[in-house]
Amino acid sequence: EKKMGCALSDTKERDHAIVATGVKGGDGLKDALDFVISAQSGAEDLSTKLELNLSCNNLPNMDTTSLTDAACVVYLASKAGQFMKVGQTEIITDNLNPKFVQSVTVRYLFEERQKMKISIFDIDDFSPGVNIETQNLIGSVELWVHEIVRAKKQSLTKDILNPRMNKNLGSLTIVGEEEKRGSNNLFHLKFNGHGFPQSVLFYRLYRNKQLDSEQFVPMYESETQRKTNGIFSFKKAEIGAHTLIRDDFNRLVMLQVFEFKSNGRHAPLGIAKFLVNELLTSDSNIVIKNPKGKAIG
């Protein structure tokens, strides 16, 4: 039988919740954080953290021999109207429909109109520490933060625009979730894949949004693994309970398995949905099913 095995432990260590990416280049992480802190000064009781998960659809192909290597940068406008960088996603290579795992968190001020800009770049220089903002700009989306909060299911899709490019640049979807202070619980998850005929796999974990039981946002992506003696043995993942399930042990988690493709067009094989509570007692087998409901691994 084809299954994914999982060993899971729950320990109280440091808080591993992802709230923002590191900021390189530009004015630096400290300046960006100083801006966010100053923006909330005097309004501590009238604000909340808003976690943003980003994805793009139908990006233009900016490369000649492969597909677009995309990353997003998030900015908030200061009171003077200057956009300040507050976070960025990871880079997803060779993909015109990237779903970014790295979220960005901003502070939402209830009684202020906050202008936000999200720019999408095509990355050509993968040198360590490279400033993403110096790469090829595909386009941007400008909006008010409250548009996300007030949107149905806090999900908003907007067209990507660039006045210098007279063509369809695709769309950006922003999924928001207000973030409350979480625990320091840390999950150690170890997945092993059995019975898959493919040679190279990776998986993603998604958190179920409380606002919509059928809406999931990506929280973690594994490394790629080759099959050895019929088994895919993935490295242990350490994920904060607040990040994965918002400290709610009855919240669904979705695991999606992909066949790795060197051209970036990774093939989704199937999914499994489960509660973390189901894994806490002992090692568990998780059956992966394709969209037709057939067990495939």
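The structure is a predicted model, and the protein in it has 297 residues, of which 52% count as buried. Its secondary structure consists of three helices and 18 strands, and the topics below show how some of these strands are arranged and which residues lie between them.

**The protein as a whole**

- The accessible surface of the protein comes to about 14600 Å², and carbon and sulfur atoms account for 47% of that area.
- When contacts between residues at least 6 apart in sequence are considered, 69% of them join residues that are at least 24 apart.

**The sheet that contains β9**

- Four strands form an open sheet in the order β5-β2-β9-β8, and their pairing is antiparallel. The edges are taken by β5, which covers residues 104–109, and by β8, since each of these two strands pairs on one side only. Neighbouring strands in this sheet are turned against each other by 35 degrees on average, with direction ignored.
- Strand β2, made up of residues 47–57, runs antiparallel to β9 and is joined to it by nine bridges. Within this pairing, N53 has V175 of β9 as its bridge partner, while L50 stands opposite E178 of β9.
- Strand β8, made up of residues 155–159, also pairs with β9 in the antiparallel sense, over five bridges. Here S155 is the residue that stands opposite V175, and V175 is also the bridge partner of N53.
- Strand β9 itself spans residues 171–179 and is mostly covered, with eight of its nine residues buried.

**The sheet that contains β6**

- A further open sheet of four strands has the order β4-β3-β6-β7, again with antiparallel pairing. Its edge strands are β4, at residues 83–88, and β7, each of which pairs on one side only. From one strand to the next, the twist averages 25 degrees.
- Strands β6 and β7 run antiparallel and are joined by eight bridges, and in this pairing F121 stands opposite L137 of β7.

- In soluble globular proteins, nonpolar side chains tend to be buried together.
- The largest nonpolar core in this model has 31 residues, and the members that touch the most others are L54, M116, I120 and L172. The elements that give two or more residues to this core are β2, β3 (70–77), β5, β6 (115–122), β7 (136–144), α2 (145–150) and β9. Apart from this core lies another one, of 26 residues, which includes L201, A237, I239 and A241.
- Beyond its neighbours within four places in sequence, L54 is in contact with several residues, among them C72, V74, I118, L172 and I174.

**Two buried polar residues**

- T68 has its place in the loop between β2 and β3, and T68 counts as buried because its relative accessibility is 0%, under the 20% cut-off.
- A polar atom in the side chain of T68 lies 2.7 Å from the backbone oxygen of P60, and a polar atom of this side chain lies 2.9 Å from the backbone nitrogen of M62.
- Leaving out neighbours within four places in sequence, the contacts of T68 include P60, N61, M62 and D63, as well as I92, T93, D94, D122 and I138.
- Q256 is found in strand β16, which covers residues 252–259. Q256 counts as buried because its relative accessible area of 15% is under the 20% cut-off.
- The side chains of Q256 and Y206 are joined by a polar contact of 2.7 Å. Once neighbours within four places in sequence are set aside, Q256 is in contact with F202, Y203, R204, Y206, P268, G270 and I271.

Conventions: Residues are numbered from 1 along each chain as its sequence is written. This is a predicted model: local features need pLDDT of at least 70, side-chain atom pairs count only at pLDDT 80 or more; totals for chains, interfaces and linings use all residues. Side-chain values use heavy atoms; hydrogens and water are left out. Buried means under 20% relative accessible area, exposed over 50%, partly exposed in between (1.4 Å probe, protein chains only). Two strands pair if DSSP finds at least two bridges between them. Axes are lines fitted to C-alpha atoms, for helices over the stretch in contact, and angles run from 0 to 180 degrees between N-to-C directions. A polar contact is a pair of N or O atoms within 3.5 Å; within protein, one must be able to donate a hydrogen and the other to accept it, and residues adjacent in sequence count only if both atoms are side-chain atoms. Contact means heavy atoms within 4.5 Å. Accessible areas come from the Shrake-Rupley method with a 1.4 Å probe; for residues, only the protein chains shown count as cover. A nonpolar core is a set of buried Ala, Val, Leu, Ile, Met, Phe, Trp, Tyr and Cys residues joined through side-chain atoms within 4.5 Å.
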